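Morning, everyone. I have one model to show today. Please take a look at it first.

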Amino acid sequence: QTKEIMKQLENTNSPLLSKNQFLNPNEKLFIVISSSLKKETIRNYFKMLENVNTDVTFVLRGVIGTPKKIMPTINYINDLLTKDLNKDKSDPSNRYSFNVEINPKITRRFDVKQVPAVLFIKNYNPVVQEYKDVIGSPDKDELYWIAYGEASIDYALKQINKKAKSDGIERLLKAM
């Protein structure tokens, strides 16, 4: 099922397809975060992954406050993406370029229990990120590994890759 969907997305040049530079096209790396984490912890992830930002999607586990009022969440994300809070926040050189999503479907589908979590998926089905009712459990050919805790990203990826054996993770680690 996932392979068919990937072919369809490739034929339509869908924006859902990963624009990975280091990971393989069928691989996906999510870092699941929450506003309960220290901002410094999240910014350390940004610093470590800045050179490989095309291959990483951060998932905010939920919104801040109530879902009807999204501005606190947007302000929180904008604040996180600012490198130096004492400098101009609108200056592009003072911003991290990461995709930060609010997507509980990812955490539910892959049963992410706590944050921070490094979630690596082989044969990722990108339809999960669409705004449809796709949650369910992973497809039978979607393989995934999760590393929990505030360990450094490179350590977490090395631990995951002991099992995943991905040459994409190896390239990503070298580029970090």
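I'll go through the sheet, then the helices.

This is a predicted model, with pLDDT of at least 70 needed for local features and 80 or more for side-chain atom pairs, while totals for chains, interfaces and linings use all residues. Numbering runs from 1 along each chain as its sequence is written, and side-chain values use heavy atoms, without hydrogens and water.

The sheet. It is open, has 5 strands, and its order is β3-β2-β1-β4-β5, with mixed pairing. Strands here are DSSP E runs of at least two residues, helices are H or I runs of at least four, and both are numbered from the N terminus. Two strands pair if DSSP finds at least two bridges between them. β3 (99-102) and β5 (143-148) are the edge strands. Each has a single partner strand, so one side of each lacks a neighbour in the sheet. On average, neighbouring strands are turned by 25° against each other, direction ignored.

Now one pair. β1 (residues 27-33) and β4 (residues 117-122) are antiparallel, over 6 bridges. L29 sits opposite F120 in β4.

Next, the helices. α5 lies across β1, β4 and β5, at about 35° to β4. Axes are lines fitted to C-alpha atoms, for helices over the stretch in contact, and angles run from 0 to 180 degrees between N-to-C directions. Contact means heavy atoms within 4.5 Å.

How do α5 (residues 153-164) and α6 (residues 167-175) pack, and at what angle? At about 160°, axes 10 Å apart. The two are therefore roughly antiparallel, a term for angles over 145 degrees. On the α5 side, the contact includes L157 and I160; on the α6 side, I169 and L172 are among the residues.

Key: Angles under 35 degrees count as roughly parallel, over 145 as roughly antiparallel, 65 to 115 as roughly perpendicular and the rest as oblique.
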